[in-house]
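Subject: Structure handover

Hello,

Here is the structure for your files. Please open it next to this email and follow along.

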Amino acid sequence: MRRSWAVFVLWAASAIFAFASGRELAYNLFYFITGVIVIALLWAWLNQRGLTVRRATRTHRSQVGKYFEETLELQNRSQWPKLWVEVHDFSDLPQHQVSRVVNSLGRTATSRWQVRTLARRRGRYTLGPITLSSGDPLGIFRFTRELPETSSLVITPLAVDLPGFSPPIGYLPGGESIHRRTPYVTSSVSGIRDYYPGDSLNRIHWASTARTGRLISKEFELDPLADVWIFLDMYEDAHAETPLQEEDEDMVLPWLTQRVPKAELPPSTVEYSVSIAASLAHHFLQADREVGFLSYARTREVVQPDRGERQLSRLQEILAVIQARGRLPIAEALAIDGASLARHTTLIVITPSVDPRWVTVLRSLRARGVHGVAVLLAARTFGPAPDWAPVLADVQASGLPAYVVQNGDDLAEALGRYASGVGPRANIMR
């Protein structure tokens, strides 16, 4: 900017000097500076012409702890070479370093680069817009053009394998058979029928096929009723966290040499709760269970029980953006929605709440045949919060299975063993 003003001041001074003196040398100087300014203006204008940017991603979904890859392509479709072009990206994905300066972009040439970003925070992010800036070699003029196109990226929460998570036998498999045909292949075979085009090979009953001489398929019915409901407590006043300093941000997810880095969660009961919910949903859906979800955040989020990849994607979409903005305590939420749960349903409550009323509600639901499982976040290990020991003792005295997760715990280990004590541990981020 200062250089531009200096050139124009020099141009004005040369004009005054030429008109005042009338000398040929003064006019030649004025014409020379004017020509430089015009050529610089034309050069800067042409540098903005014929530029296009294309950004391509393999998928618009990633997960905390995994890499998101994006390829950008800057193409010069004009016959005028570009001395330099500055690409500035306004994506809000943390540490997504797309912006760069492309030098010496020739006629009809293309510059391509790939960006790999470690997904650190769950959420919905916007990729773009992009601005293209360029100018003349002397730096007198600079033009900027905005490309407003944007796309969205969903970062789903961290989900870990839970090989050791197993509520007591009798909680999950109970219930009566539902005598209703289903397109799913289940362990309950209700009969056989003629083969229909499109039936998979694992539906064919080979013994009947050999006996009749034509293809015979098996008919299936739903497994015994054993829906799993995940209740996620998003009551704002129940959660606790320790705010991270800016210098600690890079410690949340270390940049390791493994192909998939080991992710660690920030010291927040919200992030731990969401990750636990995502892990449990993945665990049960992988086991072909029907999983439902309920939470009172800013609004009531409810997903009716279903199974399969589509259900997992639906739950991940919700968990990616859910925040602790609820104003309804978990005890009241359980009292309102627990009444509609069917017998033999398994209800998993994920909460940091130290209010003993929600334990009372779980006991009353058990009397109706709804089997409760408590996953208690030890809020005091995450930040200023009341002691969780009394409510854990209440859960254990009620005979309800309970798991305790503290700050810094490995989720697979914490959810692989029942709570055996109520003694707090050191609050250490590993």
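Contact here means heavy atoms within 4.5 Å. This is a predicted model: local features need pLDDT of at least 70, side-chain atom pairs count only at pLDDT 80 or more, and totals for chains, interfaces and linings use all residues. Residues are numbered from 1 along each chain as its sequence is written, and side-chain values use heavy atoms, with hydrogens and water left out.

Start with Gln48. It lies in the loop between helix 2 (24-46) and strand 1 (51-57). Helices (H or I, at least four residues) and strands (E, at least two) are DSSP runs, numbered from the N terminus. Is Gln48 buried or exposed? Gln48 is buried, with a relative accessible area of 9%. Buried means under 20% relative accessible area, exposed over 50%, and partly exposed in between (1.4 Å probe, protein chains only). Not counting residues up to four places away in sequence, Gln48 touches Lys82, Leu132, Ser133, Ser134, Phe143, Thr144 and Arg145. Its side chain also reaches the backbone oxygen of Phe143 at 3.3 Å. That is a polar contact: a pair of N or O atoms within 3.5 Å, where within protein one must be able to donate a hydrogen and the other to accept it, and residues adjacent in sequence count only if both atoms are side-chain atoms.

Helix 2 itself has 23 residues. From first C-alpha to last it reaches 33 Å, close to the 33 Å expected at 1.5 Å a residue. (The expected span is 1.5 Å times one less than the number of residues.) Its buried residues are Ala26, Phe30, Ile33, Ile37, Ala40, Ala44 and Leu46.

Arg107 is another loop residue, between strand 5 (100-105) and strand 6 (110-118). At 54% relative accessibility, Arg107 counts as exposed. It touches Asn76, Ser78, Gln79, Trp80 and Pro81, leaving out residues up to four places away in sequence. Arg107 and Gln75 are 32 residues apart in sequence and 9.3 Å apart in space, C-alpha to C-alpha.

The largest nonpolar core has 49 residues. A core is a set of buried Ala, Val, Leu, Ile, Met, Phe, Trp, Tyr and Cys residues joined through side-chain atoms within 4.5 Å. Leu232, Ile276, Leu280, Phe293, Ile348, Ile350 and Val405 have the most contacts inside it. Helix 5 (residues 269-286) gives the largest share of this core, 10 residues. A second, separate core of 29 residues includes Leu294, Leu341, Val359 and Ala378.

Look at strand 14 (residues 228-232) next. 5 of its 5 residues are buried, so strand 14 is largely enclosed by the rest of the structure. Both faces are covered: Val228, Ile230 and Leu232 are buried on one side, Trp229 and Phe231 on the other. Strand 14 runs parallel to strand 15 (residues 291-296), joined by 5 bridges. Leu232 stands opposite Ser295 there. Strand 14 also runs parallel to strand 17 (residues 346-351), again with 5 bridges. On that side Phe231 stands opposite Val349. Two strands pair if DSSP finds at least two bridges between them.

Last, the whole chain. It has 10 helices and 19 strands. Of its 430 residues, 47% count as buried. Among contacts between residues at least 6 apart in sequence, 72% join residues at least 24 apart.

Best wishes
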